[in-house]
2 protein chains.
Amino acid sequence: MNDNKILLSANEMPSQWYNILPDITTPMAPPLHPGTKQPAAASDFAAIFPDALIAQEFSPDSFVDIPDEVREAYALSRPTPLIRAYALEKRLQTPAKIFFKYEGVNSAGSHKSNTALAQAYYNKQAGVKRLVTETGAGQWGSALSAACKRYGLGCEVFMVKVSYDQKPYRRTFMQLFGAEVHASPSDLTQAGRKILAEHPHSPGSLAIAISEAVELAVQRDDTKYALGSVLNHVLLHQTIIGEEARLQMEKAGAYPDIVIACAGGGSNFAGLGFSFLRDKLRGTNTALRVVAVEPASCPTLTKGVFAYDFGDESGYTPLMKMYTLGHSFIPDKIHAGGLRYHGMSPIVSHLYHDKQIEAEAYTQQEIFEAAVLFAETEGIVPAPESAHAIRSAIVHAEACKASGEAKTILFNLSGHGFFDLGSYDAYLQHRLIEHKSPLEHIQESIDRLPVI
Amino acid sequence: MNDNKILLSANEMPSQWYNILPDITTPMAPPLHPGTKQPAAASDFAAIFPDALIAQEFSPDSFVDIPDEVREAYALSRPTPLIRAYALEKRLQTPAKIFFKYEGVNSAGSHKSNTALAQAYYNKQAGVKRLVTETGAGQWGSALSAACKRYGLGCEVFMVKVSYDQKPYRRTFMQLFGAEVHASPSDLTQAGRKILAEHPHSPGSLAIAISEAVELAVQRDDTKYALGSVLNHVLLHQTIIGEEARLQMEKAGAYPDIVIACAGGGSNFAGLGFSFLRDKLRGTNTALRVVAVEPASCPTLTKGVFAYDFGDESGYTPLMKMYTLGHSFIPDKIHAGGLRYHGMSPIVSHLYHDKQIEAEAYTQQEIFEAAVLFAETEGIVPAPESAHAIRSAIVHAEACKASGEAKTILFNLSGHGFFDLGSYDAYLQHRLIEHKSPLEHIQESIDRLPVI
């Protein structure tokens, strides 16, 4: 019998996160203070993050110890399985070997718990009483709610309105773990009220929800802000995925030719990809391909510009040099809500600009076709976000079929789709709205980029 | 670090199911033909089941080989983890050791896949083209839909109306795997039309949905019927849970004092419990307690009678000697839809009557309180059905705290609650309807039991 799952025991779980920064040898543009537009100091982040996380944001160390308490929290669902997709390979009749890392097995159902648990832990250590955050599809908010409950912190979540309406059960999930959930834009913040005054029916965006959360965090002494992607420390925490996957691929006697993950802000992509990219950056495997996959309607890497921009709508955050569609860009209401973000992690952006990684974009129709094929063969209903990675893996596996090459493909199945059945229903009923090319709107928002 | 998960590799997966029948030494009452009321022959089942499953229904062997193709299908999500609930123990401050077997990690999210894959396989081998079934909460229908898709069989599901309305995403899940789904009672069958004529707003019941499914299966040559619980062969397939759990408890250096599972028709209870009960029946561990947990509003074991009754509403099935509330009993619309069944597996009933096992019943309020405590500590949102087992485990762990005994408790977490967030929402909003004691209705339907 084909043993399709490669497992690690809790004691085999890596004890360190991997920090890619020291392996990046080309100079990275620093974050800038939003007011002065001068390089931001660590102290500029102190109003919203605890010191330990700020230190990680700028860490010079290649590996960072995972605190025992965080490893214990991880152990509830980690190490996650690495699975050989034999049934998918057979259906595609491809000579390619397809592996995937499955991050949907934890409480909140996605990779987001990896950083949620770490952030809640460091905030608790710093005496913080409450975290406030934004969430798109709800995966991040779910993960943070569960993590806050574990460490006895309060949790308040601004949920992008379109997802709040599409996914009421995600809200319930967060409430079940004690979180307060608001649809964003809300009338609780100046940022939200301003948007509502101009666009009373705004579907919201991650950029707006971030503004609302940051605004509240800055106002309250006992409250900090938590971000679910983009920043260096968030990506750092996600590398537990790739560090595990390296051990598991070794157990399987394999090494990937192509590593694939979807990318919204870049955290699950970095989580799986960076640990392998290390070999490329260090020159031991220059042929490795690492592919970020995004939605055609929010094509940050493939159609955006590499420029300084705000992480949020109102310009509260530091300016970051990144691929961006402009912070005023409101993506279409696609079902992969977790990928509706105008920007991209500065590290991922820098690596893309340096041509160390690649990017691809697919439509909703394409990704749901791939999702259903995957569910039928591998028996897991994927999150629409993760289905972007599946689509890409299938495209590369089909290329192998055409060329006869038996490449090894590894992708990240970042979460399950049990909360996305409404979206699947739209697909099955042929009610998916395939939006027009967003190019015109992108140009408008890019024209409004801050001048540095 | 406490390694809380006890895992098995796919190659460690047991290769045989355990058949408890040869270990039951007191005489069991045979099933009776619904017309003649004489003991039913194997051939009486031929219209609705393939020969291989009928043979298993009456098998004299203690162990039955699992076909390689079924083991390969199992391997997508099996062996499932056995988890030591350290966090729950700590919260309860109990000296008890609490273990649970987690069956929610597969595609359909519950133990039901264990028999769905086996039944679909044997039907496919027999040349059957299509399976028709009923489903309550949707767990069984989801599992059978996915299994039929795997083996290229058509699938048609009668879903109890109250669940059809409460859980639209379950319907989408089944459709995603190609199934046709009807709310039951429907106007597609004589059984359904009769109910609708008398009770146009009937919430449905498993007994009615079974009648509808059996009626269609009998009418069509290329179609067979599949049942998700109750029958011997279904329980047999579920013993993969207990056979794995025995190996895992051994790895953990532990053996349960108390084994607990929820019971609707009895299949997840049998799945975990029978493999341990074997030791009690064979006299090697007479102190073992095995506890079936049911909802207070559908208390088949705790308030039913041990009598011959039909498995369905219309009297199409053989008569089985079992604990029953009467086949005309319509349980309240509780959120644990998978436990809304009037009867109980004949084997489980016989063992209960012989005092080899125990039974407990809890209210919805009690089980949701336990579910939320479990989610907060162990990070898994359980199905309301499974929360019955959690409640019982907590009760026994608290008894240990009071007595100072460090007992070992093992329960079955039969499924996750990602499709039940609407029910959790009702609980969180204090909108759970706690029904009155059903005793009066039970007496009415018991008075209508068939006369043998």
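A residue is called buried when its relative accessible area is under 20%, exposed when over 50%, and partly exposed in between (1.4 Å probe, protein chains only). This is a predicted model, where local features need pLDDT of at least 70, side-chain atom pairs count only at pLDDT 80 or more, and totals for chains, interfaces and linings use all residues. Residues are numbered from 1 along each chain as its sequence is written, chains are lettered from A and ligands numbered from 1 in the order in which they are written, and side-chain values use heavy atoms, with hydrogens and water left out.

**Exercise 1.** Find what share of chain A is buried, and check its radius of gyration.

*Solution.* Step one: of the 452 residues in chain A, 66% are buried. Step two: the radius of gyration is taken over C-alpha atoms, and the globule rule is 2.2 Å times the number of residues to the power 0.38. For 452 residues a compact globule would come out near 22 Å, and the 20 Å of chain A agrees.

**Exercise 2.** Is Ser113(A) buried or exposed, and which residues does Ser113(A) contact?

*Solution.* Start with the location: Ser113(A) belongs to helix α4, residues 113-125 (a helix is a DSSP run of H or I, at least four residues, numbered from the N terminus). Next, its relative accessible area is 9%, so Ser113(A) is buried. Finally, contact means heavy atoms within 4.5 Å. Beyond neighbours within four places in sequence, Ser113(A) touches Tyr74(A), Asn106(A), Ser107(A), Ala108(A) and Ala143(A).

**Exercise 3.** Describe the contacts of Phe411(A).

*Solution.* Setting aside neighbours within four places in sequence, the contacts of Phe411(A) include Phe99(A), Ile260(A) and Leu272(A).

Terms used: Helices (H or I, at least four residues) and strands (E, at least two) are DSSP runs, numbered from the N terminus.
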